[in-house]
Structure formats: C-alpha cells, structure tokens
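Subject: Structure handover

Hello,

Here is the structure I promised to pass on. Please open it first, then read the notes below.

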Amino acid sequence: MTPLPAVVYCAHCLDSTRGKTAHGLIRFTERFDVRAVVDPVFAGQDAGMFLDGSPNGIPILATLSEAIDHMPDEGGAFVVGLATDGGVLPEHGRIAVARAITHGLDIYCGLHVFLNEDPEFSELARQYQVKLIDVRKPPHRSDLHFYEGRIKEVQSVRVLILGTDSASGKRTTAWVLRNALRDKGLSAEMIGTGQTAWMQGARFGIRMDSLVNDFVAGEIEHVVRRAWEEAAPDVVVVEGQGALLHPAYPGGLELVAAVQPDILLLQDVPARKTFDGFDDLPMPPMERQLQALEVLSGRPVDALTINPKGLTEGEASDVCARYESSFDRPAVDVFREGCDRLIALIESRLRTRS
C-alpha cells in the first residue's frame with residue numbers, strides 16, 4: 001500500500017496509555033506517512049525522541065493549523081490517535097475533527113463512537129467531500145463467523161502474545177517479532193486484534209472489542225485461517241488484547257481457545273505496580289499471572305517478554321535474569337536484546353510443508 005500523508009491528533013494524552021494509538025503510529029505504520037503529531041503540552045519535540053529516546057523526524061506541534069503546513073496541498077488524513085476510557089471523543093477532539101474536515105482531510109477514528117452516526121460530522125463531511133472512516137465499526141452480522149474448530153488446518157506456527165496488563169506493549173512486541181522473523185528469512189504475518197494494528201497496516205485483523213460475544217472466537221479463528229489460506233506464512237503472530245486478570249479489560253482466554261497457539265508468550269511491564277487505569281489495584285505477582293494462564297490454557301507459557309518502560313537498561317537486564325531464574329523459561333527484552341531466542345523457539349516448531 002502507498003502510505004497516506006497524515007496528521008495524528010493526540011492532544012493532552014501523549015504521555016499516557018490513552019495515547020497508545022498515537023504511540024503505535026509514531027513507532028511504525030505502513031498505512032500512513034505521519035507528517036506531524038498534535039499535542040500542545042509537548043509541542044516542539046521530536047515524537048520519536050519523546051516516546052523512545054530516538055528521533056524519527058516527526059514533529060510534535062501545538063495546533064492543527066501548524067500540522068497542516070506539513071501536509072500536501074490536497075488530500076491526506078487526520079487520524080484520531082486517542083484511546084480514551086470507553087472510547088469516547090472528548091470535546092477538544094470534536095473541535096479538532098471538525099476543523100480537519102474543513103481542511104479537506106479524511107478522518108480516521110478508532111474510538112467506539114462512530115463519526116458517521118454524528119449528524120454534525122456527517123453534514124460537514126458531505127459539505128467538504130471527505131470520508132469518515134470508523135475503524136472500529138464491526139462487520140454486518142451476516143459477514144461474521146461462528147467458531148468451527150478448524151484452526152488446526154492452519155500449518156503456520158501460531159504465536160500468541162498475551163499480557164499481564166492492558167496497554168502493556170503486546171502489539172508493539174508483535175510487530176517487532178514479525179519484522180525480526182522476516183529479517184531471518186521466514187515468512188510471517190501479524191494478526192491484529194485492535195484498531196491500532198489496522199491503522200499500522202496489518203494485512204489481517206479484526207477489532208475484537210467491537211464484536212458481539214458469540215462471534216469473537218469465530219472471527220479469531222477465521223482471520224487466522226484466512227491469513228494461512230491467502231499468504232501461507234511460516235508464522236502468524238497474534239496480538240493479544242486486555243489482560244486475563246484485569247478487572248476492566250479482561251482478555252486472553254478467547255484468544256487461547258480460538259488460536260490454540262504453538263508458542264504462548266506473556267508480556268509484562270515490570271515497572272508498573274498497579275493495573276493500567278486503576279491506581280488502587282496492585283498488579284498480581286507474576287507467579288499468579290502464570291498460574292492462571294497456564295491452568296486456563298492447559299499449556300505452559302513458553303517465554304516472557306518485557307516492556308522496559310520506566311527501567312534503565314541495567315534494570316531491565318536484571319529483571320530478565322530474575323524472571324529466568326525464578327520461572328525457568330526465557331525472559332526477553334525484544335527492544336534491547338532482539339528476538340533471536342524467541343525465533344529459535346519458533347523455528348523448533350516449524351512444520352514441514354507437503
């Protein structure tokens with residue numbers, strides 16, 4: 001696909017997990033050519049330097065008007081980079097969307113509110129002849145799939161990345177692993193399960209949290225089977241959602257049941273002491289996280305991956321060493337160590353093609 005020039009809107013959220021959609025697009029996207037990020041709080045900085053300590057040439061700007069100066073004369077996209085609680089569009093976001101429409105930008109939004117159902121936005125879009133793309137809008141019921149129990153027909157190695165918390169970097173780790181597999185000469189596809197993965201250009205994906213519950217397992221199975229049938233990759237890397245023990249965003253069991261992974265990875269954020277969004281709820285110890293997942297999945301967790309946010313390089317290395325000693329399995333910081341040890345695990349499960 002040819003990347004579409006885009007402005008990413010993340011006002012007042014760039015330093016929190018509510019900005020995780022913007023974070024994903026700053027780090028990596030094949031769908032958009034991100035020209036600027038809008039957040040008046042952190043204006044003047046390079047987005048890559050702000051997020052990961054490595055400049056990437058994407059400026060953080062205070063206003064949409066400034067960002068427009070970085071766009072081509074005609075066309076382009078305005079991407080809502082917010083991931084708010086409940087998927088609502090705050091008032092400042094509504095104002096920004098309306099202004100972007102008047103500038104002739106197509107609007108991409110992954111929130112639970114659908115812009116096409118908003119009379120104000122629909123009328124503005126008609127007037128200025130722009131598109132409103134509601135990324136999280138589910139397929140029509142007639143296009144949904146029930147679980148059929150045919151996942152074993154998929155001969156790709158199925159890798160599933162779950163997390164100890166929501167917003168733990170599961171999607172980013174999935175992309176890093178997919179890219180590392182391709183660099184090693186293996187064919188690999190990333191299966192997105194949320195709106196941000198679609199915005200980043202995942203060829204195969206669903207928006208799991210917008211589906212009617214009866215169809216969730218079937219849609220997971222269907223998208224993995226479709227990836228196998230259309231691309232026949234050596235490996236599929238499936239992005240997890242939520243966390244098994246998270247009180248507001250429980251998730252993982254349906255993915256384990258539907259994907260039936262050959263490799264099960266559990267991602268942790270060691271510096272995080274409470275559940276995302278709930279400062280009064282301590283994170284359960286890793287022992288409990290592993291026990292719960294292994295009892296419910298009926299299989300071992302093959303390796304731990306960590307999100308080193310909030311840790312120095314030495315601290316991250318110490319955590320990995322401690323986890324490996326305590327839990328007798330690899331613990332990998334893919335952002336600093338790379339994916340070689342995970343790829344070795346995956347290669348040991350490759351199936352011989354007929």
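Is glutamate 189 buried or exposed? Glutamate 189 is buried, with a relative accessible area of 10%. Here, buried means under 20% relative accessible area, exposed means over 50%, and partly exposed lies in between (1.4 Å probe, protein chains only).

Some ground rules come next. This is a predicted model, so local features need pLDDT of at least 70 and side-chain atom pairs count only at pLDDT 80 or more, while totals for chains, interfaces and linings use all residues. Residues are numbered from 1 along each chain as its sequence is written, and side-chain values use heavy atoms, with hydrogens and water left out.

Salt bridges

Side chains of opposite charge can pair when their charged atoms come close. A salt bridge here is a side-chain nitrogen of Lys or Arg within 4 Å of a carboxyl oxygen of Asp or Glu. The count by this rule is 24 salt bridges.

Glutamate 189 takes part in one with arginine 203, where the closest N and O atoms are 4.0 Å apart. This pair links distant parts of the chain, 14 residues apart. Arginine 203 sits in the loop between helix H7 (195-200) and strand S9 (204-205), and glutamate 189 sits in strand S8 (residues 188-192). Helices (H or I, at least four residues) and strands (E, at least two) are DSSP runs, numbered from the N terminus. Arginine 203 is partly exposed, at 48% relative accessibility.

Now look at arginine 126 and glutamate 123. Their side chains meet in a salt bridge of 2.5 Å, N to O. Both belong to helix H5 (residues 119-128); being three residues apart, they are separated by about one helical turn. Arginine 126 is exposed at 56%, and glutamate 123 is partly exposed at 38%.

Next, glutamate 153 bridges to arginine 150, with the closest N and O atoms 2.9 Å apart. Glutamate 153 is partly exposed at 39%. Arginine 150 is partly exposed at 32%.

Arginine 136

Where is arginine 136? Look in the loop between strand S6 (132-134) and strand S7 (157-163). Arginine 136 is buried, with a relative accessible area of 9%. Its side chain reaches the backbone oxygen of glycine 110 at 3.0 Å. A polar contact of 2.5 Å also joins the side chains of arginine 136 and aspartate 209. (A polar contact is a pair of N or O atoms within 3.5 Å; within protein, one must be able to donate a hydrogen and the other to accept it, and residues adjacent in sequence count only if both atoms are side-chain atoms.) Leaving out residues up to four places away in sequence, arginine 136 touches several others, including Cys109, His112, Phe114 and Gln195. Contact means heavy atoms within 4.5 Å.

Helices

Helix H1 (residues 20-27) is largely enclosed by the rest of the structure, because six of its eight residues are buried. They are Thr21, Ala22, His23, Gly24, Leu25 and Ile26. Among the elements they pack against are strand S1 (4-9), helix H2 (47-52) and H6.

The axes of helix H6 (residues 170-183) and helix H12 (residues 340-347) come within 10 Å and cross at roughly 70°. Axes are lines fitted to C-alpha atoms, for helices over the stretch in contact, and angles run from 0 to 180 degrees between N-to-C directions. Leu177, Ala180 and Leu181 in H6 meet Leu342, Ile343 and Ile346 in H12.

Best wishes
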